[in-house]
Protein chains: 2
Amino acid sequence: MTEKMLGVLGGMGPLASAQFMVRLTLLTPAERDQDHIPTVLWSDPRVPDRTAARLGTGEDPLPALLRGLRGLEAAGCGAIAIPCNTAHGWFAGMRAATRLPILHIVDAAAEDLHRQGVAPGPVGVMGTAATLAMGLYQEGLAGAGRDCLLPDAEVMARLVTPAIALVKANRVAEAYEPLAEAARSLVARGARAVVLGCTEIPLGITAGPALPFAVVDTIDALARAAIAWARG
Amino acid sequence: MTEKMLGVLGGMGPLASAQFMVRLTLLTPAERDQDHIPTVLWSDPRVPDRTAARLGTGEDPLPALLRGLRGLEAAGCGAIAIPCNTAHGWFAGMRAATRLPILHIVDAAAEDLHRQGVAPGPVGVMGTAATLAMGLYQEGLAGAGRDCLLPDAEVMARLVTPAIALVKANRVAEAYEPLAEAARSLVARGARAVVLGCTEIPLGITAGPALPFAVVDTIDALARAAIAWARG
């Protein structure tokens, strides 16, 4: 039984952070309630849209993110996990504002590529337009010697961006086919695996048949990083 | 967009409270993140076992429950939902210790029987041995004019109690058949519907084929009560 309490800064979107809690629980070796990791989930879906902010058309989410961090600090949490890739565009601002360690979702994804033994070579990355424009994965995976293949503008506009919106509107099953098509197109271009680099994407992808190639589910990857922290 | 923040006193078990967050999200009419209900989930699986305490063999969980309430009050929550039926055996102690309203899971289940239009007559209730021994449903549903049919001691010992433990140990799929058999036996005795009166039970029951009679999923029933509070 751990005495460490995990803080989850969530609500971005709320279904992704709820699913993070499910996967955190199912991935934890446990025989009874008391074997699981004490966790506080701060699920505030009122955080201004991260993609709109980064693309210059929306309100800055940082003040709302810092309010959540303050709440998780007050609750006694010892580390923070944020199951929203795009929010990691404000990682430096959050890190500067808290004494708590923040588990970085791109580091967790890189660790999961290693865990799965993905062959050397480029990996595909799907995410919000803002995540891709900020280069979160391009920079983060360069250290692991990985080039990133990104969906082109047409695939983003026709498949990825609408599918993310479907998940946020609770229309999860409808998101499967466009997301699967976008993932297949990256593999056809040479990707050794596809990183589902927006936490809405694994919700859609797991609503249909398993894809016949390696994927990095960033909800699961972050949950594994959190379990390693709690047990470390 | 609501300004009310829901507090969820969870971790009992952690998979049930994670699933509560999933169902709360999916049952909320929403087109985008900002339409969802701000929620803080206090998931503390270290709360002493409620069943052991009520049966006289374990530590009192009330102090741990009150610590969670204090945390949710400090976070600014306006009402409390507790996705654990057995914990409602300490409802009076919790209600006396907080100014926040606590949504009662048995009231939510009674409302769901009404919502589903279940015909007059007895209903089956499955739950932990402690929930049944405390009479939470027998008392709570008497006001709605319902008699309760309970699993007998043999069914509890062979099917229901082991299946609840399987869910708490993350062995969800294995819990389906024993729970389905117990539910069928209540319908065979004349139950018009079966209340899944332990939040581990709907996790097992939804892991297999739908049962051919009405069930009250107390995770969903409490989520509906929380949504009504947030939007009311």
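The model is predicted, so to speak of local features a pLDDT of at least 70 is needed, side-chain atom pairs count only at pLDDT 80 or more, and totals for chains, interfaces and linings use all residues. Residues are numbered from 1 along each chain as its sequence is written, chains are lettered from A in the order in which they are written, and side-chain values use heavy atoms, with hydrogens and water left out.

**How the two chains relate**

**Empty spaces**

Rolling a probe the size of a water molecule over the atoms shows where empty space is left. On a 1 Å grid over the protein atoms alone, a cavity is a set of points where a 1.4 Å probe fits but cannot get out, while a pocket is an open set with protein on both sides within 12 Å along at least five of seven lines; lining residues have an atom within 4 Å of a point. Grid points are joined across faces, edges and corners, and a volume is the space filled by probe spheres set on the points.

The structure holds four cavities of 30 Å³ or more.

| Space | Volume | Lining by class |
|---|---|---|
| Largest pocket | about 410 Å³ | 11 nonpolar, four polar, one charged |
| Largest cavity | about 70 Å³ | five nonpolar, five polar, no charged |
| Second largest cavity | about 50 Å³ | four nonpolar, five polar, no charged |

In these classes, Ala, Val, Leu, Ile, Met, Phe, Trp, Tyr, Cys and Pro are nonpolar, Asp, Glu, Lys and Arg are charged, and the others, Gly among them, are polar.

The largest pocket has 16 lining residues, and A:Gln19, A:Val22, B:Gln19, B:Val22 and B:Leu26 are the closest to its centre. Helix H1 (14-27) of chain A and helix H1 (14-27) of chain B each supply at least two lining residues, with H1(B) giving the most, five. Helices (H or I, at least four residues) and strands (E, at least two) are DSSP runs, numbered from the N terminus.

The lining of the largest cavity includes A:Pro14, A:Ser43, B:Met21 and B:His36, and its largest share, three residues, comes from H1(B). Around the second largest cavity you will find, among others, A:Met21, A:His36, B:Pro14 and B:Ser43; there H1(A) gives the most, with three residues.

**A buried arginine**

B:Arg146 sits in the loop between helix H7 (136-142) and strand E6 (148-149) of chain B. At 11% relative accessibility it counts as buried, meaning under 20% relative accessible area with a 1.4 Å probe and protein chains only. Leaving aside residues up to four places away in sequence, B:Arg146 touches B:Leu113, B:Val118, B:Ala119, B:Pro120, B:Gly121, B:Val123 and B:Leu141. A polar atom of the B:Arg146 side chain lies 2.7 Å from the backbone oxygen of B:Ala119.

Methods:
Buried < 20%, exposed > 50% of the residue type's maximum accessible area, 1.4 Å probe, protein only. Contact = heavy atoms within 4.5 Å. Polar contact = N/O pair within 3.5 Å; in protein donor to acceptor, adjacent residues only side chain to side chain.
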